[in-house]
Amino acid sequence: NAIALEFILLLKDLLWTVVISDRNKREVANLRFKARDEMKRVSGLNYMESWFWLLASMLYVGLYFKYQQTLPDYNWDVRDACREHLEYLSRG
């Protein structure tokens, strides 16, 4: 159990070493955060703003799919091509 725990705890470091490029590591090392001059008081409006942006982004994606011009006449046509496979999956 101790070895498994050690693996889990060091997994993030292993992924950082293996997956992230040297250029990205340098960018993160040179990243500086700017401190806020004033702290805003938490209110219900802060949460409403987050919900507004969530709903606005979902609306944008929905409208993009409906009115997009990138793939004209798309109309979700993969359903016909995959119908047999979907029926096979639904039967179990």
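Select W53 to begin: this residue is exposed, with a relative accessible area of 55%, where exposed means over 50% relative accessible area, buried means under 20%, and partly exposed lies in between (1.4 Å probe, protein chains only). The model you are looking at is predicted, so local features need pLDDT of at least 70 and side-chain atom pairs count only at pLDDT 80 or more, while totals for chains, interfaces and linings use all residues. Residues are numbered from 1 along each chain as its sequence is written, and side-chain values use heavy atoms, with hydrogens and water left out.

A search of the whole structure finds 3 aromatic pairs, and F52 and W53 form one that is edge-to-face, with 5.1 Å centre to centre and 70° between the planes. Rings of Phe, Tyr and Trp (its six-membered ring) pair if their centres lie within 6.5 Å, and planes under 30 degrees apart count as stacked, over 60 as edge-to-face and the rest as tilted. Selecting Y60, Y64 and F65 next shows a cluster linked by ring pairs.

Zoom out to the whole protein chain, whose secondary structure comes to 5 helices and 0 strands; helices (H or I, at least four residues) and strands (E, at least two) are DSSP runs, numbered from the N terminus. The radius of gyration of the protein chain is 24 Å, whereas a compact globule of 92 residues would have one near 12 Å; this radius is taken over C-alpha atoms, and the globule rule is 2.2 Å times the number of residues to the power 0.38. Buried residues make up 1% of the 92 residues.

Go to L14, found in helix α1 (residues 2-19) and partly exposed, with a relative accessible area of 44%. Together with F7, I8, L15, V18 and V19, L14 makes a nonpolar surface patch of about 610 Å².

Continue to K25, which has its place in helix α2 (residues 22-29). Not counting residues up to four places away in sequence, K25 touches W16, T17 and I20, a contact being heavy atoms within 4.5 Å.

Finish at helix α5 (residues 83-91), which is hardly covered, as the count of buried residues among its 9 residues is 0. Just after α5, select G92, which takes a positive phi of about 100°.

Note on methods
Patches are made of residues with over 30% relative accessible area and no salt bridge: like charges are joined within 9 Å, nonpolar side chains (Val, Leu, Ile, Met, Phe, Trp, Tyr) within 5 Å. Accessible areas come from the Shrake-Rupley method with a 1.4 Å probe; for residues, only the protein chains shown count as cover. A salt bridge is a side-chain nitrogen of Lys or Arg within 4 Å of a carboxyl oxygen of Asp or Glu.
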